[in-house]
Amino acid sequence: SFAGGMARKYARIAYCCLFAMSLIIAWIMREYAAPLMRMISWINNFSHTPSEEWFETQAVMRVSLANFLFFMTLALLLIGVKDQRDTRDAWHVGGWMMKFMGWCTLIIFMFFLPNEIISVYEALSKFGSAVFLLMQVIILLDFTHNWNNAWVERDTPFW
């Protein structure tokens, strides 16, 4: 239906806006949260206080972990949804107030986690980003190979 199509279009826009807000929050936290994080006892629990850069990185990693958990939870909830008739499809295109509140809650909650969890996430995210980039290169090469084959097939009869 038209309304369903519009909901899907707006869902894509909303997910993009949510991701853009994540980038802005991570940037703001990197720039301005380090002095605040120095005062939080469970984050600054060292005998010798780390550098400003360490706190900036920690702030960005905590926002990143919140986003990873949010989007991974949505992805896991939607495994097996094949078409719009599945009841879980509504979870993807609707419930934006709950999604937004859950996303905000996750970001806040990440600042209550101990540094060890963030360090493990940081190490895993470096590996995960390498795998992601490798997959993107493979997808790009496959696309260009298929595109080249399509153009060669069109050109061959004229030679």
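Residues are classed here as buried at under 20% relative accessible area, as exposed at over 50% and as partly exposed in between, with a 1.4 Å probe and protein chains only. By this criterion Tyr-15 is buried, with a relative accessible area of 15%. The structure is a predicted model, in which local features need pLDDT of at least 70 and side-chain atom pairs count only at pLDDT 80 or more, whereas totals for chains, interfaces and linings use all residues. Residues are numbered from 1 along each chain as its sequence is written, and side-chain values use heavy atoms, with hydrogens and water left out.

The expected span is taken as 1.5 Å times one less than the number of residues in the helix. Helix H6 (residues 115-155) has 41 residues and reaches 59 Å from its first C-alpha to its last, close to the expected 60 Å. Buried residues of H3 include Phe-55, Ala-59, Val-63, Ala-66, Phe-70 and Leu-74. In H6, Asn-115, Ile-118 and Tyr-121 are buried, and the cover over the buried residues of H6 includes H3 and helix H5 (96-110).

The packing of H3 against H6 was examined next. Two packed helices are described by the angle between their axes and the distance between the axes. The axes are lines fitted to C-alpha atoms, for helices over the stretch in contact, with angles running from 0 to 180 degrees between N-to-C directions. For H3 and H6 the axes come within 10 Å and cross at roughly 75 degrees. The two helices are therefore roughly perpendicular to each other, a class that covers angles of 65 to 115 degrees, with those under 35 degrees counted as roughly parallel, those over 145 as roughly antiparallel and the rest as oblique. Contact, defined as heavy atoms within 4.5 Å, is made by H3 residues including Trp-54, Met-61, Leu-65 and Phe-68 and by H6 residues including Ile-117, Ile-118, Tyr-121 and Ser-125. By class, this contact has seven nonpolar, five polar and two charged residues. In this scheme Ala, Val, Leu, Ile, Met, Phe, Trp, Tyr, Cys and Pro count as nonpolar, Asp, Glu, Lys and Arg as charged, and the others, Gly among them, as polar.

Aromatic pairs were assigned where the ring centres of Phe, Tyr and Trp (its six-membered ring) lie within 6.5 Å, with planes under 30 degrees apart counted as stacked, over 60 as edge-to-face and the rest as tilted. The count comes to eight aromatic pairs by this rule. The rings of Tyr-15 and Phe-71 have their centres 6.4 Å apart and their planes at 55 degrees, so this pair is tilted. Tyr-15 lies in helix H1 (residues 2-32) and Phe-71 in helix H3, 56 residues apart, and the pair thus links distant parts of the chain. Phe-71 counts as partly exposed, at 26% relative accessibility. A tilted pair is also formed by Phe-68 and Tyr-121, at 6.0 Å centre to centre and 40 degrees between the planes. Because Phe-68 lies in helix H3 and Tyr-121 in helix H6, this pair ties together parts that are 53 residues apart in sequence. Phe-68 is partly exposed at 40% relative accessibility, whereas Tyr-121 is buried at 13%.

Leaving aside neighbours within four places in sequence, Ser-22 is in contact with Val-63, Asn-67 and Trp-103.

Conventions:
Helices (H or I, at least four residues) and strands (E, at least two) are DSSP runs, numbered from the N terminus.
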